[in-house]
Amino acid sequence: MKKYIKYTLVASIGVLLGTSGCDILDDQLPQAELSPEQVWVDNSSVQAALTGAYSSLQSANYYGLRHWAFAGMAADETSWTGTFPSFGQIAARQVLADNVEWNNLWNSVYAGINRANNIIANVPNINDPALNKEAAVGAARFLRALHYMNLISWFGGTPTGYGTAQGLGVPLFDTPTLTPADAEPKPRSTEAEIWALINSDLDFAIQNLPVGAAARANRNAAIALKARAALYQGQWDEAYTRATSVINGTGTDLVSPFFNLFATKNTPESLFELQFDPVNSNSIAFFFFPTARGGRNELAPNTAFLNAHEAGDLRLPVNNGTAAANPAAGTTAKYTRITGGDDNVIILRRGEMYLIAAEAAAKKAASDLAAANALLNAVRNRAGLAPVTATSVAEVEDLVIRERRFELAFEGHRWFDLRRTNRLVSTFNIEPYRALMPIPQREVLTSDGVVTQNPNY
């Protein structure tokens, strides 16, 4: 039986708290409702809605821990050292379709999409001279693009990567879920259809967002996300153009020393950084820290990963936790604020743009190995490492993937880097179908099969 929930407008934040189209409840209890005209009234209500849209990223089932942590744990940068069986499946790369982690992540992402959709749909109808409509919609479309890219990264594409005509997509909701009819389950769109929405959203965001601080959506962040999206799709010229425009644009370049990126919040290198404070806190450090330091000891840097660093790599003390003011080997110095739970999460930064530009420089139509080497070596120089000289496109890719492993550790990239370059099967000797995580089983069941499962799950 299909299940539905009746969504109501929430005046306090001016948004709808939505879930995905299928995983919802039977009961429709009487509720006081407000019309959109009563909620979406002025700049203040829009800013409240945007705050709600950003807060959807903060869930522990999303950027508050699991999204980026699983990208390391499913790969080879993070070890599972705790007791959650659902984590154990991911660490062993033997995930079952009923694993609760994917159900929770899926719902958190679609809730964020629905908040963004409400802003996109309602802001154009507001008349308030204080409201920059284009910027508000641009922020919401930036967030929606980020959400859908994350869904595709986990659940879509093909076992060999992303950006092909054969790629699987996810259900596409691009309008608000306001009524039970709006919540009807939708079949999965193609990967190409999802990328088309992502690219359109980012193009709008780039045109309409102001240059601003990393704490909110801004033009440089939108350009950077477009560079990442182009990288995943194999659009090398676009990836190179977008990434280099961020590198050469307004703002400070790579922050040195490397540890300052995480010891100090919102450094000039950061392009989009998710904000936490003791009131709106997370459990990231708690999950990494040993019990003797007040933590849960559920996650730890992988020993083989730490041993793979080159001698003298200045990122090693950060990645293994010893660079922190209160060092704790077996954690990571990227997340250390266990008392307040207020470590920020960097989603986009210039260091990533150098590595995107390096890879794309080699792979673009007019391959430029000299540029690729220079960009790669800029990152290595900050890490205290000697320069390298790649002499082929394949060698550039190998060096970039290696560099990304150490530069972007515990920031949510490793699994997706191995996926997009078709290295998962050879690296981990897994069945190819496991490159895609299963669509949550509950989502498939409650849709009466409208939402189809990924093959072999």
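**Salt bridges and a helix pair in a predicted model**

The structure, a predicted model, holds 32 salt bridges.

Trainee: What makes the pair of arginine 66 and glutamate 101 a salt bridge?

Mentor: The closest N and O atoms of arginine 66 and glutamate 101 are 2.7 Å apart. A salt bridge requires a side-chain nitrogen of Lys or Arg within 4 Å of a carboxyl oxygen of Asp or Glu, so the pair qualifies.

Trainee: Which parts of the chain does this pair link?

Mentor: Arginine 66 lies in helix H3 (residues 66–73) and glutamate 101 in helix H5; the two residues are 35 apart, and the pair links distant parts of the chain.

Trainee: Why is H5 called roughly antiparallel to H6?

Mentor: The axes of H5 (residues 100–122) and H6 (residues 133–155) cross at roughly 155° and come within 8 Å. Angles over 145 degrees count as roughly antiparallel, and therefore H5 is roughly antiparallel to H6. The crossing is left-handed.

Trainee: How do you know which stretch calls for caution, and what is its pLDDT?

Mentor: The protein has a mean pLDDT of 92, with 91% of its residues reaching 70 or more. Over residues 1–32, however, the pLDDT is below 50, although this stretch has 98 contacts in the model beyond near neighbours in sequence. Where pLDDT is low, the predicted coordinates should not be read in detail.

Key
Residues are numbered from 1 along each chain as its sequence is written. This is a predicted model: local features need pLDDT of at least 70, side-chain atom pairs count only at pLDDT 80 or more; totals for chains, interfaces and linings use all residues. Side-chain values use heavy atoms; hydrogens and water are left out. pLDDT is the predictor's confidence in each residue, from 0 to 100. Contact means heavy atoms within 4.5 Å. Axes are lines fitted to C-alpha atoms, for helices over the stretch in contact, and angles run from 0 to 180 degrees between N-to-C directions. Helices (H or I, at least four residues) and strands (E, at least two) are DSSP runs, numbered from the N terminus. Angles under 35 degrees count as roughly parallel, over 145 as roughly antiparallel, 65 to 115 as roughly perpendicular and the rest as oblique. A crossing is left-handed if the near helix is turned anticlockwise from the far one by less than a right angle, and right-handed if clockwise.
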